[in-house]
Amino acid sequence: MSTPPSKSMSDKSYLDLTDMTPLLEELLRQVNQHKPENPWDYAASYFRKVERCEHVLGADYMTVVACRRNRQAFIYCCSEALRHFPADQRLSVRDFFSLLQLVCPDIPLSLIQDSALTGCTAVGDSPPLYLHRELSTSLFFRFIFTEWLIMLENLFFEGKVRNASITVSLAKLQAKFEEWGECLPASTSQPSLPTLAGVLCDLEAAASVSQAGGVTFDTLISALLRNQGVQEETTSFKPLLVGSSIFLRTPTPVEGADSRMMPPDTSGTTSPPPDSKESVPSLPSAV
């Protein structure tokens, strides 16, 4: 995982690590578009939402994936919104897609479909159902480690058409992980080296290595998704400010969604705190 910001960093590395540039660009875009009477209050409200991870709620997909902090905020919001669901509850891809639309209305269905194909075990076929835990882990893993996964694919397939039979040795993977850990830009996340070493040991112990001494891309991804360390690193992000009641309210059903998808209402009658969506004018999401 990335190191915390420090005064010894170069200006570019610091800005890349903290995602200040895309966040400020988004703020300026909104201010220019809406020209609020008091831009300072607008800016203060915007950054309170950033601190609480609420700035991605209802945002379009391109805004959600614009920077690492937005992706982390999306995962946090989804985790909070879905925390009443049992980990072993089974959902179809369409069910899960409808739930995620509560956070990001235009999230691509293909992203959920791709996540279900790797690391998720289907039950039935009309439609196939997947464990909520597995779908969430697979999707969130892809969100946090997007750039790293592209590098991993290039290592296996070298820009060619994917071939499920191609293998890479554990020794080469270990060397590459260590190399990337030293040279990756501050804005790119990789699972920690101890976690990756544990994944490779698990593969070796499970006899997942081919006779040529290598593993396939799909086998490696499945092992990564099963690893507890990877799961913890994927969902370890927490907001800088807590206390918003946005996830304590009664869930609103999505039109056309199966009623069994909605978790029980445990919200009670909690009143919204200051700066919640009821007391602060909502910030329009990116267009």
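Helices here are DSSP runs of H or I with at least four residues, strands are E runs of at least two, and both are numbered from the N terminus.

**Ground rules**

I am working on a predicted model, where local features need pLDDT of at least 70, side-chain atom pairs count only at pLDDT 80 or more, and totals for chains, interfaces and linings use all residues. Numbering runs from 1 along each chain as its sequence is written, and side-chain values use heavy atoms, with hydrogens and water left out.

**Overview**

I looked up the secondary structure: 13 helices and four strands. Next came burial, where buried means under 20% relative accessible area, exposed over 50% and partly exposed in between, with a 1.4 Å probe and protein chains only. Of the 287 residues, 45% are buried. For contacts I used heavy atoms within 4.5 Å. Taking contacts between residues at least 6 apart in sequence, I noted that 69% join residues at least 24 apart.

**Cys78**

I found Cys78 in helix α5, residues 68-81. Cys78 counts as buried because its relative accessibility is 1%. What does Cys78 touch once neighbours within four places in sequence are left aside? I get Leu100, Val103 and Phe140. I also checked Leu102, which is 24 residues from Cys78 along the chain, with 8.7 Å between the C-alpha atoms.

**His132**

His132 sits in helix α8, residues 132-144. Is His132 buried or exposed? It is buried, because the relative accessibility is 9%. Skipping residues up to four places away in sequence, I listed Leu82, Phe85, Pro86, Ala87, Gln89, Leu91 and Phe96 as touching His132.

**Nonpolar cores**

A nonpolar core is a set of buried Ala, Val, Leu, Ile, Met, Phe, Trp, Tyr and Cys residues joined through side-chain atoms within 4.5 Å. The largest one has 62 residues, and Phe74, Trp148, Leu152, Leu173 and Leu220 touch the most other members. I followed up Leu152: not counting residues up to four places away in sequence, it touches Leu173, Phe177, Trp180, Phe217, Leu220 and Ile221. Another core lies apart from that one, with eight residues, including Leu23, Val31, Ala43 and Tyr46.

**Aromatic rings**

Rings of Phe, Tyr and Trp (its six-membered ring) pair if their centres lie within 6.5 Å; planes under 30 degrees apart are stacked, over 60 edge-to-face, and the rest tilted. I have ten such pairs in the structure. Tyr46 and Phe47 are edge-to-face because their planes stand at 80 degrees, with the ring centres 5.1 Å apart. Tyr46 is buried at 2% relative accessible area, while Phe47 is partly exposed at 28%. I also noted Phe145 with Trp148, an edge-to-face pair at 6.2 Å centre to centre and 65 degrees between the planes. Phe145 has a relative accessible area of 0% and is buried; Trp148 is buried too, at 0%. Which residues form one aromatic cluster? My list reads Phe141, Phe145, Trp148, Phe177 and Trp180.

**Positive phi**

I looked for positive phi in residues other than glycine. Asp19 has phi near 60 degrees and sits in the loop between α1 (11-18) and α2 (20-34). Asp19 is buried, with a relative accessible area of 6%. Lys35 has a positive phi of about 45 degrees, in the loop between α2 and α3 (39-51). Lys35 is exposed, because its relative accessible area is 63%.

**Ser126**

I placed Ser126 in the loop between α7 (109-117) and β2 (130-131). Ser126 is exposed at 65% relative accessible area. Ser92 is 34 residues from Ser126 in sequence, and the pair is 9.2 Å apart in space, C-alpha to C-alpha.

**Cavity**

On a 1 Å grid over the protein atoms alone, a cavity is a set of points where a 1.4 Å probe fits but cannot get out, and lining residues have an atom within 4 Å of a point. Grid points join across faces, edges and corners, and the volume is the space filled by probe spheres set on them. How many cavities of 30 Å³ or more are there? I count one. The largest cavity holds about 30 Å³ of space. Its lining is Phe157, Arg162, Asn163, Ala164, Ile166, Thr216, Phe217 and Asp218. I sorted these lining residues into four nonpolar, two polar and two charged, with Ala, Val, Leu, Ile, Met, Phe, Trp, Tyr, Cys and Pro as nonpolar, Asp, Glu, Lys and Arg as charged, and the others, Gly among them, as polar.

Key. On a 1 Å grid over the protein atoms alone, a cavity is a set of points where a 1.4 Å probe fits but cannot get out, and a pocket is an open set with protein on both sides within 12 Å along at least five of seven lines; lining residues have an atom within 4 Å of a point.
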